[in-house]
Amino acid sequence: VSYGPHERNVLDLWLAQSPTPTPLVVYIHGGGFVNGSKAGASAEMINGCLSAGVSFMSINYRFRVSAPIQDILRDCARSIQFVRTKAKDYNLDPKRIASYGGSAGAGTSLWLAFHDDLADPNNRDPVLRESSRLAAAGAINTQATYNLRRWTEVLGEPLGSYERPGETPAFYGVTSEADLDTPTLQAVLADTDMLTHISKDDPPVFLFTSHADGVISSRGALLHHPDHARAVKKRCDEIGVPATVYFARAEPRLEGDYQSRLRAFLLKHVK
């Protein structure tokens with residue numbers, strides 16, 4: 001189904017059979033906002049949701065080659081808003097929607113969970129009049145914030161050689177670091193910073209990180225270091241937002257199938 005004007009604004013939807021409106025779990029794929037596909041949704045997760053009477057949605061969104069991060073995030077929000085406009089058609093309960101994903105999809109799910117509602121009641125586009133809020137979010141190997149200037153604070157060390165030349169300004173659709181100091185881009189940095197959006201009325205979140213602690217020695221470690229999840233947990237605890245956090249190689253350690261634990265978390269909060 002198309003949910004927006006771009007060719008990648010498409011979603012797949014699996015509808016649970018029910019005489020009453022069903023909750024919905026949404027999968028947002030990873031890939032650094034440069035690759036990946038809605039086809040990456042786990043069959044086990046889809047079937048687990050359907051057997052529990054919960055519908056399932058998997059989305060594509062624009063890549064960074066055609067949109068900056070601030071617009072990509074709003075693609076993902078639009079998919080949530082779109083499906084709310086179709087709630088009656090699809091027999092969905094618009095108040096019980098959760099999302100999850102890995103890496104880029106993890107950070108995006110947190111952004112949706114923490115950001116103020118994007119509903120614009122007077123917008124000419126009926127989709128954008130709908131709420132973007134979630135009932136819960138799951139984040140696997142997340143980033144703490146998409147304000148990349150805060151990563152030194154989060155990780156305790158500079159981004160170093162694992163950041164590609166010009167990557168930070170390009171992330172926001174500009175060409176130089178100086179552009180990021182303008183009022184317009186300062187507002188963008190604030191808007192894409194999940195940590196600053198956390199407030200007491202936000203939904204519960206689940207985070208799992210499979211990467212190891214220690215010195216950052218690869219790009220993967222930069223993007224998925226456990227300190228990203230710790231920063232989210234710390235801020236959630238300060239504000240009073242329920243945050244369940246596990247690690248594969250640190251404490252608290254999660255042994256066994258993290259996907260089943262994630263699914264149980266999401267189903268608990270939408271059912």
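How many of the 271 residues of the protein count as buried? The share is 52%, where buried means under 20% relative accessible area, exposed over 50% and partly exposed in between, with a 1.4 Å probe and protein chains only. The structure is a predicted model, in which local features need pLDDT of at least 70 and side-chain atom pairs count only at pLDDT 80 or more, while totals for chains, interfaces and linings use all residues. Residues are numbered from 1 along each chain as its sequence is written, and side-chain values use heavy atoms, with hydrogens and water left out.

Along the principal axes, the C-alpha atoms fill a box of roughly 55 × 45 × 35 Å. Contact means heavy atoms within 4.5 Å, and among contacts between residues at least 6 apart in sequence, 75% join residues at least 24 apart.

Next comes the interior. In soluble globular proteins, nonpolar side chains tend to be buried together. A nonpolar core is a set of buried Ala, Val, Leu, Ile, Met, Phe, Trp, Tyr and Cys residues joined through side-chain atoms within 4.5 Å. The largest such core has 64 residues, of which Ile 59, Tyr 61, Phe 114, Tyr 172 and Val 205 touch the most other members. Helix α2 (residues 69-85) gives the most to this core, with eight residues. Apart from it lies another core, of 21 residues, among them Val 25, Cys 49, Ile 140 and Phe 208. Leaving aside residues up to four places away in sequence, the neighbours that Tyr 61 touches include Tyr 3, Phe 33, Ile 72 and Ala 104.

Leu 50 is found in helix α1 (residues 43-51) and is partly exposed, with a relative accessible area of 27%. Beyond residues up to four places away in sequence, Leu 50 touches Trp 14, Leu 15, Ala 16 and Ser 55. Asn 147, in the loop between β5 (136-140) and α5 (151-155), is buried at a relative accessible area of 10%. With residues up to four places away again not counted, Asn 147 touches Tyr 172, Leu 189, Thr 192 and Asp 193.

The backbone also holds some points of interest. Most residues other than glycine have a negative phi, and most peptide bonds are trans. The peptide bond from Glu 251 to Pro 252, however, is cis, with omega near -5°; Pro 252 is found in the loop between β7 (243-247) and α11 (258-270). Asn 91 has a positive phi of about 60° and is found in the loop between α3 (87-90) and β4 (92-102), where Asn 91 counts as partly exposed at 25% relative accessibility. Asn 141 has a positive phi near 55° and is found in the loop between β5 and α5. With a relative accessible area of 13%, Asn 141 is buried.

Definitions and conventions: Helix = DSSP H or I, 4+ residues; strand = E, 2+ residues; numbered from the N terminus.
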